[in-house]
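Me: Please take a close look at one part of this model, the place where the two chains meet, and describe what is found there and around it.

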Amino acid sequence: MNLKYSALDWKLILAALVLSFIGIMLIMSAQHNADTEYQRDYYLRQSLWLAVAFIIFAVIVHIPPKLFDMMAYVMYGISILLLVLVLFVGSAKMGASRWFSFGSMNFAPSDFAKVAVLFALSRFLAYTKLPVASKRRMAITAIITIIPVALILKQPDLGTSLVFLVLLFILWFWAGLSPIYLLLIVSPIFSLIAASHWLAWSIYIVVLLIFLFISKPGIIFGIAAVVTNLVSGIMTPIMWSRLADYQKLRILTFLDPGRDPRGAGYQIIQSKIAIGSGGVFGKGFLNGSQTRLDFLPEPHTDFIFSVLGEEFGLIGALFVLLLFTFIFYRSIKIASHCRSRFASLVVMGAAGIIMFQFLVNIGMTLGFMPVTGLPLPFVSYGGTSLVLFWALIGLIVSAEARWQEY
Amino acid sequence: MERFKLSLEYREKVGYLLVIVMLVVLSLGLFKLQIFQYRDLSEQSEKNRIRVEPILPRRGIVTDRFGKIIIDNRPSYTVSIIPSEIVDGKTIENLAELINLDSTQIVKRLKRNMISRYQQTPIKRDIPFETVAILEEQSNRFPGVTYQMERVRQYNHELNAETYTGYVGEISEDELKGRDPLLYHLGSITGKKGLEKQYDEILRGREGTNYIEVTASGQIIGEYPDKESTEAIPGANLVLSIDNELQLACTKALDTFCCGAIVAMDPRNGEILAMTSYPGYDANIFSSVIPESLWTEIRTDSTHPLLNRPLNGLYPPGSTVKFVGVGAGLEEGAVTENSIFKPCIGGYQFGNRFFRCWDPGGHGTLNAAHTLEQSCDVYMYQLGLKLGIDKLAEYYAACGFGSLTNVDLPREAKGLNPTTEYYDERYGKKKWTLGLVLNNSIGQGELLVTPLQLAQFFCGLANDGVVYQPHLVKKINRFNGIETEIQPKVAFNLPFSSNTMRILREGLMLVVEGEHGTAKRLKNEYYSIGGKTGTAENPHGENHSWFAGVAPLDNPEIIVVAIVENAGHGSEVAAPLVGSVIQSYMYRKLGIDVSDSIVVEKGLGQL
């Protein structure tokens with residue numbers, strides 16, 4: 001089948017391209033004063049990677065989604081193998097074994113796994129005859145997700161494993177599961193938070209029971225929800241009291257970095273200073289003192305958004321937010337009118353991955369999300385990450401070009 | 001179950017809603033930081049990158065009147081810690097061991113003096129060079145520890161001049177209150193006592209500042225472009241009226257005694273030529289952190305080395321103040337030059353008590369000048385009774401006793417000049433007897449003076465009644481070449497007419513020259529000398545021995561007052577001591593070679 005270039009969503013492609021170029025510019029600024037030439041050349045490498053990513057994007061656009069549909073489980077199998085392999089032969093950085101190294105190039109199998117799991121879940125959900133809220137359907141999709149999550153947690157990489165869980169939630173939702181279920185599934189986490197005070201927890205449990213009574217999700221599901229909530233609410237204080245002080249501190253710092261201004265909090269504080277001191281118009285390109293003088297940690301990866309906020313101010317930051325919003329808006333629209341159920345799920349899942357990383361990364365730089373180490377899509381430095389996001393854009397654009405196909 | 005299945009349209013709307021919520025939340029976050037907290041965060045960002053480094057000025061040096069060094073600066077090493085580079089369990093622990101301080105002490109000093117986590121915080125000043133060598137060789141054992149060259153004060157301890165030099169130390173939080181923040185900040189060195197304190201603002205100069213741009217790791221990028229550095233202004237040098245050689249003579253003279261003080265002044269202008277408090281302390285120990293044990297030792301020493309005797313030592317003046325009583329008697333017409341009282345039979349019966357004269361053999365009848373010569377107590381008792389307590393006190397006060405001399409040193413004691421009012425308050429009305437006036441008239445009892453007050457008074461006697469304010473600083477030499485000469489200031493005039501002064505001066509002469517003079521041993525053929533002995537009764541032990549000497553008598557240019565605590569009679573201890581100090585001054589002036597044996601025989605060589 002011939003692909004008509006006029007049928008491609010050029011606006012979407014343009015938005016992603018602009019984000020990628022902004023990224024290259026910010027990487028250049030971030031490492032402008034770096035000690036080694038290697039670091040100063042990060043932006044050149046990122047440009048090369050953008051070329052690679054664009055080629056892969058073009059290839060994906062030309063491949064009919066049907067092919068991915070057929071290959072989904074095979075790719076899933078390969079990704080699991082790679083994730084196992086990386087634990088043994090991966091190169092360790094900062095105590096985490098996440099990459100395969102080929103010379104100076106690094107390949108993170110978890111990025112590939114994101115796509116593979118997306119395909120596998122979409123394929124299963126697209127063709128299953130099981131009802132949306134059936135236990136079997138939920139269990140199978142959960143298992144598909146849990147296997148890579150467990151392997152990634154072993155690396156260890158909490159942030160990336162969360163991406164998979166969020167992906168599962170989004171696909172459940174897009175496949176038709178009511179948000180009531182989603183709320184009930186995550187409810188033990190609320191119970192855990194409320195358990196810090198007995199009164200808050202009592203009120204929470206009452207609210208939960210009322211919610212269950214009104215929504216009537218089914219007996220087994222209801223009982224499971226109550227039991228998990230009670231267990232997490234009661235066990236938490238007991239577990240908490242058994243933790244050593246430094247462990248408590250570590251958890252509290254993860255939740256509230258301001259507690260430890262010298263450790264984890266330092267990054268957040270410096271990031272907030274960088275963004276805030278940018279004001280409305282910013283300090284100008286290559287002029288951010290926080291960035292230039294190394295006060296900002298990881299300015300080219302995790303905290304690239306802080307560089308943007310410092311040098312281009314509110315205007316620059318809002319511009320980037322709007323570009324992302326545009327990409328999400330288009331993606332949801334495309335997912336809604338694709339006739340192929342598989343393609344629709346893939347588009348929604350792809351957008352979901354981008355959305356989650358976008359939210360968590362920027363939320364972290366603004367200081368209201370914990371430090372997870374998730375890069376900002378398209379903008380942060382990192383070859384495989386850039387390739388992954390362009391591949392996701394490729395899938396979205398490809399689905400749009402073939403929206404009439406079943 | 002299918003009732004939980006949502007329509008596509010509904011799901012799409014939920015999706016849009018989520019996207020919008022995300023956009024709003026993140027935008028609000030941006031607004032909060034970039035609009036509402038912009039000012040705060042900009043300021044923090046500026047603070048982040050600028051390190052203000054003080055450029056310490058050279059503290060002014062202090063010399064004697066001939067330019068010989070009294071206080072100097074010497075280079076030393078100060079060990080500091082950069083708090084952000086501390087490695088737990090290593091930095092502080094290893095350093096504590098190396099420089100002999102407690103870990104807790106180091107932490108305390110870090111907390112007290114820390115300006116920024118990236119700025120070196122001084123921990124201990126004046127560490128020995130060997131310690132610096134260890135820091136250098138084993139730097140990996142001391143992460144975050146640095147050292148700097150710094151000037152510390154060096155006091156010429158041989159002079160035992162701490163009574164006026166004082167010393168410097170780190171400013172305390174109390175001292176910081178109300179001070180100019182441009183001049184003083186935490187960790188600043190400031191004068192704690194003596195001249196160092198009195199002239200601190202002149203001596204310290206003004207700190208310069210370097211604005212340096214630094215990275216997060218504290219690495220220096222270079223000068224901060226938007227703010228120019230300011231140069232340090234060196235402190236002014238002080239030239240004192242002190243004569244180091246005379247100062248040494250004073251210190252040597254007291255060497256064989258437990259405790260005492262000497263003040264030497266020029267009566268013509270109030271310049272202090274030498275002043276010593278014995279025993280003293282070594283101000284150099286304050287350059288570094290004083291070990292707790294040494295500090296306790298100094299503080300609990302029974303000889304009170306920290307007591308500044310010339311200014312704060314309060315002693316009964318004994319017979320040295322008989323000049324005031326005699327002068328008052330002449331002025332008030334209670335006596336004339338040759339009028340006499342009941343003869344001295346070794347004491348005086350007053351009421352049911354026998355007040356003894358110091359000489360149990362008695363002096364017979366004496367006129368005013370001879371009373372001073374032989375220091376007869378009985379004459380003074382009768383004169384005191386005639387004058388009364390308040391008249392006597394009035395003259396003591398007019399001679400400067402009981403009030404500050406306003407010498408250019410901090411923390412001077414006033415002494416005590418009792419009056420009727422004072423006694424009424426102390427003992428209750430009518431609960432004390434006139435016996436007290438007898439004591440007062442011979443300089444005993446409640447009357448308390450400082451050696452400096454007494455020296456000031458004798459300056460007046462030697463200078464025709466004109467009393468200059470005692471002072472130490474002669475000249476202030478500022479770094480820009482401007483020199484300020486300190487002009488002598490007349491403090492007051494003695495309340496005596498010229499006739500009275502003539503009689504008093506005759507007494508002064510007779511003490512040494514007279515046949516029965518109490519200090520006739522000071523008589524020598526090279527120069528004339530006058531003075532007055534004093535023996536202050538001390539309820540706690542042996543009498544204090546006083547002597548005030550004046551030379552040369554015809555045109556006095558030096559007076560020396562000495563007190564030796566618990567040493568006995570003035571004529572036996574303090575007089576020869578003062579004699580030796582005056583001798584060293586006069587011999588130098590007259591060009592007499594001390595090693596000449598004839599001099600030793602004819603002069604005061606054997607004293």
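Reply: Chain B first, since its confidence bears on the rest. This is a predicted model, and chain B has a mean pLDDT of 86, with 92% of its residues at 70 or more. For the model, ipTM is 0.90 and pTM is 0.61. Chain B contains 22 helices and 21 strands. It has 607 residues, of which 44% count as buried. Among the contacts in chain B with a separation of 6 or more, 72% join residues 24 or more positions apart.

Now the contact between the chains. Chain A puts 38 residues into it and chain B puts in 32 residues. On the side of chain A that touches chain B, the elements giving two or more residues are α7 (158–174), α8 (179–194), α12 (264–278), α13 (289–292), α14 (304–337) and α15 (341–366) of chain A. The largest share of that side, 11 residues, is supplied by α14(A). Sorted by class, the side of chain A that touches chain B consists of 24 nonpolar, 12 polar and two charged residues.

Leu23(B) lies in helix α1 of chain B, which covers residues 8–36. Neighbours within four places in sequence aside, Leu23(B) is in contact with Leu321(A) and Thr325(A).

From α6(A), the contact uses Thr141(A), Ala142(A), Thr145(A), Pro148(A), Val149(A), Ile152(A) and Leu153(A). From α7(A), it uses Leu158(A), Thr160(A), Ser161(A), Phe164(A), Leu165(A), Leu168(A) and Trp172(A). By class, the residues of this helix pair's contact are 10 nonpolar and four polar, with no charged residues.

Methods:
Residues numbered from 1 in each chain as written. Chains lettered and ligands numbered in written order. Predicted model: local features only at pLDDT ≥ 70, side-chain atom pairs only at ≥ 80, totals over all residues. Contact = placed C-beta atoms within 7 Å. Helix = DSSP H or I, 4+ residues; strand = E, 2+ residues; numbered from the N terminus. Nonpolar A, V, L, I, M, F, W, Y, C, P; charged D, E, K, R; others polar. pLDDT = per-residue confidence, 0-100. Buried ≥ 20, exposed ≤ 12 C-beta atoms within 10 Å, placed from the backbone.
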